[in-house]
Structure formats: C-alpha cells, structure tokens
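The following paragraphs lead a new reader through one protein chain, part by part. Please keep the sequence and the structure in view while reading.

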Amino acid sequence: MDFALTLVERLAGHASGWKSKPDSCANLHALLKKIPPSVTALLLQVAALVLVILSLRVANLQTTPMAFALLCGLFAALLSRFAGLARWWLAIQLLFAPALVLMLAFNIPSGFFLAAFVMMLAVYWSTFRTQVPLYLSSNKVWRALEDFLPSEKQDTNFKFIDLGSGLGGVLTHLASVRPDGQYSGVESAPLPLLWSWLRIKLGGYRNCKVHWGSIWNDKLGACDLAQYDVVFAYLSPVPMERLWRKARAEMRPGTVFISSTFAVPEQAPHETVQVDDLHRSTLLIWRM
C-alpha cells in the first residue's frame with residue numbers, strides 16, 4: 001500500500017512538471033477535447049485500474065477490495081486532473097470505484113441497476129454527447145421572462161421557443177400569462193419530452209407544442225430560429241458559442257436571444273437580469 005501511495009505522489013509530481021511544459025501536452029489535451037468527457041472518464045478509469053494492479057504486483061502487496069477501490073479512485077482523479085476534465089469530474093472519478101464496491105457488498109439485485117440505467121437514459125439521453133444535462137428553470141425565472149415578451153400593444157401572435165425545454169415549465173407558464181403568443185419547445189430526452197407533452201395536453205394549452213429532436217437538426221423545422229421573436233436557452237457552457245453562431249445567422253433584427261446562466265464566449269450581453277432564486281440565476285439578453 002505504501003508503495004502505491006508513493007507512486008501516486010510521484011505521478012502528482014510528474015503531472016505538475018507536465019503542466020509547467022504546456023507545449024509537451026498541448027497535443028494530448030487537444031486530442032482529449034475531441035472525445036466526449038464521459039468517454040475520457042471511462043478510459044481513465046480503465047487506465048487507473050491497470051496502474052493499480054501493476055503497482056500492487058510490483059510491490060507484491062495484498063489489499064482489501066475497498067482499499068483497492070480507493071487507490072483506483074485516487075489514480076483516476078489524478079489522471080483526470082492531468083487530462084483537464086472539469087473539477088466536478090474529479091469527485092466522480094474518485095468515488096466511482098469505492099461506490100461500486102459498496103453496492104456489490106450490499107448484494108443489490110441486478111434488475112435494480114438495469115431499471116436505474118433505463119430511467120437515467122430516458123432522462124438524460126444524449127447528455128454524454130451534447131454535454132447538456134437536464135437543468136430546470138425556477139418559477140422566478142419564468143416570471144422574469146415575461147418582461148422580454150413583445151408588448152401586447154406592439155405585437156400579437158408572437159413566437160417564443162425554449163431550446164431544451166425540459167419539463168415544459170417555461171412554456172406552460174408563459175402561455176398562461178400571455179395567451180396571445182405561440183410557444184414551442186425542443187427536447188431530446190424522452191422522459192422530459194413525455195412529461196411536457198402531457199403537461200401541455202392535460203393543461204389545455206392550445207398555443208404550446210413540443211418537438212423531439214436536436215436543436216442542431218436542420219430537418220426539424222422548429223429549430224429555424226428565423227421564425228421566432230424570442231429565443232430562450234438554458235443549456236450549459238459547452239454549446240453556447242455554436243448556438244450564438246446559429247442565432248446570429250438565423251434570427252431577425254429586433255428579436256431577442258436569452259440565455260439563462262451561461263454566457264456566450266467573448267460576447268457581452270446587452271442586458272443582464274439577476275433572479276433572486278435558489279441558484280441565483282442570471283438572464284443574459286442579446287437584442288439581435
């Protein structure tokens with residue numbers, strides 16, 4: 001065990017040295033950026049497992065399953081730090097193997113994990129590829145969005161779209177307070193889509209509709225932003241630059257683009273609104 005911990009310390013020292021030589025690892029980081037973080041994390045877990053096995057064999061040491069799992073977690077977190085994964089990935093990498101050992105120790109039926117996997121898949125669907133998890137806007141954000149809808153005196157039958165509409169809370173709220181508008185949502189995850197569809201149908205919101213698909217799908221007519229007066233998105237930092245290019249190319253002059261929480265790189269918003277909710281949400285507004 002002491003040998004393995006010493007090896008971790010040495011690797012940490014080498015990692016610091018590598019970080020002081022950005023030219024030597026720039027190509028590796030560029031390669032890793034092309035791979036989805038979930039795939040990178042899995043590969044690093046495998047690498048950590050191999051390193052721990054080799055370390056223990058070289059030192060001719062025996063260890064308990066939990067100690068083995070903790071060493072795997074330490075190696076995986078260290079490798080993830082060097083690979084440039086986000087900080088929250090480090091905690092996942094550290095705890096993954098120990099959590100797996102704990103679950104096996106409780107002898108939980110395999111059907112439970114299959115059911116949990118199917119449920120997570122239905123909720124998060126393509127998150128591993130898009131890097132856009134399910135974020136839910138607060139009702140205070142819903143109310144703040146009311147101020148950016150076209151004035152009732154200026155325009156009726158305006159069009160609003162929520163890119164990544166989740167459970168449909170934004171759409172149904174705005175449709176109830178401003179029934180003179182037309183509200184659309186785009187969602188790729190099956191379970192949130194079903195929830196929002198039922199919410200709209202059971203609530204009788206005739207001026208709402210949701211579409212299943214990707215916001216980048218040109219064949220999905222709903223994603224042509226030229227037809228909307230207000231475009232709202234609550235996604236993640238990853239797609240914002242690409243989404244901005246899409247908005248600039250498609251949205252008409254005088255329309256409004258709103259992002260909740262996540263900024264567009266190197267594009268200062270024309271206006272920001274701080275929302276007093278649990279997450280201290282910020283609305284960033286661009287007038288096209």
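The buried residues of helix 9 are Gly169, Val170, Leu171, Thr172, His173, Leu174 and Ala175. The model in which they are found is a predicted one. Helix 9 spans residues 169–177 and is mostly covered, since seven of its nine residues are buried. What do these buried residues pack against? Their partners are helix 8 (139–145), strand 1, strand 2 (182–187), helix 10, strand 3 and strand 4.

With this helix located, the chain as a whole may be considered. It contains 11 helices and seven strands. Of its 288 residues, 40% are buried. Among contacts between residues at least 6 apart in sequence, 67% join residues at least 24 apart.

In soluble globular proteins, nonpolar side chains tend to be buried together. The largest nonpolar core in this model has 47 residues, and the members that touch the most other members are Phe160, Tyr183, Phe232, Phe257, Ile258 and Leu283. Another core, of 15 residues, lies apart from the largest one, and its members include Val52, Leu71, Cys72 and Phe75.

Is Ala97 buried or exposed? Its relative accessible area is 11%, and a residue is called buried when this value is under 20%, so Ala97 counts as buried. Beyond residues up to four places away in sequence, Ala97 touches Ala69 and Cys72. Ala97 and Leu49 are 48 residues apart along the chain, and their C-alpha atoms are separated by 9.4 Å.

Helix 5 also takes part in a helix pair. Two packed helices are described by the angle between their axes and the distance between the axes. For helix 3 (residues 37–59) and helix 5 (residues 87–105), the angle is about 35° and the axes are 11 Å apart. Their crossing is right-handed. Helix 3 contributes Pro37, Ser38, Ala41, Leu44 and Gln45 to the contact, while helix 5 contributes Trp89, Gln93 and Phe96. Of these contact residues, five are nonpolar, three are polar and none is charged.

Helix 11 (residues 240–250) has its own buried set, consisting of Met240, Leu243, Trp244, Lys246 and Ala247. Why do these residues lie on the same side of helix 11? They do so because they cover an arc of only 160° around the axis. The face turned away from this buried side carries the exposed residues Arg245, Arg248 and Ala249. The buried residues of helix 11 pack against strand 1 (159–163), strand 4 (230–233), strand 5 (256–260) and strand 7 (282–287).

Several loop residues complete the picture. Arg252 has its place in the loop between helix 11 and strand 5. With a relative accessible area of 32%, Arg252 is partly exposed. Not counting residues up to four places away in sequence, Arg252 touches Ala226, Gln227, Tyr228, Asp229 and Met288. Between the C-alpha atoms of Arg252 and Met288 the distance is 6.8 Å, although the two are 36 residues apart in sequence.

Asn207 is found in the loop between helix 10 (190–203) and strand 3 (208–212). Its relative accessibility is 11%, and Asn207 therefore counts as buried. With residues up to four places away in sequence left out, Asn207 touches Ala175, Arg178, Pro179, Gly181, Gln182 and Tyr183.

Most residues other than glycine have a negative phi, and most peptide bonds are trans. Thr261, in the loop between strand 5 and strand 6 (271–274), has a positive phi, near 80°. Arg280, in the loop between strand 6 and strand 7, also has a positive phi, of about 50°, although it is not a glycine. Thr261 is partly exposed, at a relative accessible area of 37%, and Arg280 is likewise partly exposed, at 47% relative accessibility.

Definitions and conventions: Residues numbered from 1 in each chain as written. Predicted model: local features only at pLDDT ≥ 70, side-chain atom pairs only at ≥ 80, totals over all residues. Heavy atoms only, no water. Axes fitted to C-alpha atoms, helices over the stretch in contact; angles between N-to-C directions. Helix = DSSP H or I, 4+ residues; strand = E, 2+ residues; numbered from the N terminus. Left-handed = near helix turned anticlockwise from the far one by under 90°. Contact = heavy atoms within 4.5 Å. Nonpolar A, V, L, I, M, F, W, Y, C, P; charged D, E, K, R; others polar. Core = buried A, V, L, I, M, F, W, Y, C linked by side-chain atoms within 4.5 Å. Buried < 20%, exposed > 50% of the residue type's maximum accessible area, 1.4 Å probe, protein only. Arc of directions from axis to C-beta.
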